[in-house]
Amino acid sequence: MKITDISWIHSGRAVYVKIETDKDITGYGEATNFAPRSVIGLIEEIRPYLLGEDPRRIEHLWQESFRRLFARGGPITGSALAGIDMALWDIKGKELDAPVYELLGGLARTRVRLYGHVTGHSAEEIAANAKRLADRGVTAIRYRGFHDMDAKGLHDHQRAVRQQVEYTEAIRSAVGDDVDLIIECHGRYDPDHAVQLARQVAEFNPLYIEDPVRHENPQAFRYLRSHTGIPLATGERGHSKWDFRELVVDGLVDYVRPDICWAAGFTEMKKIAALAEVYYVNLVPHNTQGPLGSAASLHASLAISNVALMEAPFAGRDPDVDVVSPWPVVEDGYALPPTGPGLGVEFHEDAVAPPAEPRRQHPVLRALDGSVRDW
């Protein structure tokens, strides 16, 4: 079998990769991130390396694509390789008439626990939304405060801490003690305010605090470790095994959170998981991109032994996408294994909307004094 063409489909922020072969087997992957045109540009650079190659040599083609890039690493490389890698695994699964999780070693679990999202502009609103999600069987809920401040383009650490504590108390009261709470911070706090937050929410027993500080300096987590016993999680902005090395080897977090659309696909996700397993660190895959990314994340989560749960914005909600079918089956807050070959879904190219114009702008947040804040 030979690769005859590699193309891409761009829709808003979404980038889908299509790989065609001379055996009439087509594979699809997802390379969505916040810089779609840059990702497409790198796929164009990689494309000539892969034309005419055997798509079944996935590890070889991953190395070929990565190591021929002298300037490599980071989110653009991670997403371009992710889309290509997913499509190659999709082809291999279709050729062998087997789901990708079977090719990765089979089911490490028979279902995957999901966590869902809630938002709200007040403690009452977010607590009511959390209660509705819990009533639909979701057993872990992720949320953050400061949505009302976002609407004003504002972020103030002290106000955000107060609001997240208020929201945590309200949600815990609404859902009871049997639902796990995940406090999302989106990397916004400096270490001292992250410590304040951890100390004040400890009585509500969160499962973990997610991305409490910016990701550029992993050693900031050492300071947090020394000031709180609440588990810590980070890693959605990691793009390769090397980005996770310090977090794992130095014992800085309890959970790492690679995104299969950003961290170079199945091939690299398995290696990140193996590194984490050596140090008894679990994975909670980040998953907020598109429907092919969700399908791939589910296959990886089914096959990797040290996955604790998986992010799923669709948990507890009715599916509202028509780009893929069928949508994952969810029962009692757990996703069941797909049954079809490859990624287990059919990709509907004709349902993909063209890119919107003008382009979506990233949020701009300022502190009270007008200085720049992370969003």
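Here are some friendly notes on the structure above, point by point.

1. **Ground rules.** This is a predicted model, in which local features need pLDDT of at least 70 and side-chain atom pairs count only at pLDDT 80 or more, while totals for chains, interfaces and linings use all residues. Residues are numbered from 1 along each chain as its sequence is written, and side-chain values use heavy atoms, with hydrogens and water left out.

2. Three strands form an open sheet in the order 1-2-3, with antiparallel pairing. Strands here are DSSP runs of E with at least two residues, and helices are runs of H or I with at least four, both numbered from the N terminus; two strands pair if DSSP finds at least two bridges between them. Strand 1 (3-11) and strand 3 (26-30) are the edges, each pairing on one side only. On average, and ignoring direction, neighbouring strands of this sheet are turned by 20° against each other. Strand 2 (residues 14-21) is joined to strand 3 by five bridges, and isoleucine 19 stands opposite glycine 27 in strand 3.

3. **Helices on the sheet.** Helix 1 (residues 36-50) lies across strand 1 and strand 2, and runs at about 175° to strand 1. Helix 3 (residues 74-96) also packs on the sheet: strand 1, strand 2 and strand 3 are touched by this helix, whose direction makes about 145° with that of strand 3. For these angles, axes are lines fitted to C-alpha atoms, for helices over the stretch in contact, and values run from 0 to 180 degrees between N-to-C directions.

4. **Asparagine 33.** Take a look at the loop between strand 3 and helix 1, where asparagine 33 lies. Asparagine 33 is buried at a relative accessible area of 4% (buried means under 20%, exposed over 50% and partly exposed in between, with a 1.4 Å probe and protein chains only). A polar atom of the asparagine 33 side chain lies 2.6 Å from the backbone nitrogen of alanine 35. Leaving aside neighbours within four places in sequence, asparagine 33 is in contact (heavy atoms within 4.5 Å) with residues including Arg13, Ile76 and Trp262.

5. **Aromatic pairs.** The count comes to nine aromatic pairs. Rings of Phe, Tyr and Trp (its six-membered ring) pair if their centres lie within 6.5 Å; planes under 30 degrees apart count as stacked, over 60 as edge-to-face and the rest as tilted. Tyrosine 16 and phenylalanine 347 make a tilted pair, 4.9 Å centre to centre with 55° between the planes. Tyrosine 16 lies in strand 2 and phenylalanine 347 in strand 15 (residues 346-347), so the pair ties together parts 331 residues apart in sequence. Tyrosine 16 is buried at 4% relative accessibility, and phenylalanine 347 is buried at 8%. Ring pairs also link Tyr16, Tyr28 and Phe347 into a cluster.

6. Phenylalanine 34 and tryptophan 375 are edge-to-face, with 5.5 Å between centres and 85° between planes. Phenylalanine 34 lies in the loop between strand 3 and helix 1, and tryptophan 375 in the segment after strand 17 (372-373), so this pair ties together parts 341 residues apart in sequence. Phenylalanine 34 is partly exposed at 31%, and tryptophan 375 is partly exposed at 29%.

7. **Charges over rings.** Arginine 68 lies over the face of tyrosine 49, 4.0 Å from the ring centre. The charged end of lysine 241 sits over the ring of tryptophan 242, at 4.1 Å from its centre. The rule asks for NZ of Lys or CZ of Arg within 6 Å of the ring centre and within 35 degrees of the ring normal.

8. **Glutamate 311.** This residue sits in strand 11 (residues 310-311) and is buried, with a relative accessible area of 0%. Side-chain polar contacts join glutamate 311 to tyrosine 115 at 3.3 Å and to arginine 257 at 2.9 Å. A polar contact is a pair of N or O atoms within 3.5 Å; within protein, one must be able to donate a hydrogen and the other to accept it, and residues adjacent in sequence count only if both atoms are side-chain atoms.

9. **Backbone points to check.** Most residues other than glycine have a negative phi, and most peptide bonds are trans. Serine 325 and proline 326 are joined by a cis peptide bond, with omega about -5°. Aspartate 24 has a positive phi of about 60°, lies in the loop between strand 2 and strand 3 and is exposed at 76%. Aspartate 97 has a positive phi of about 55° and is exposed at 62%.
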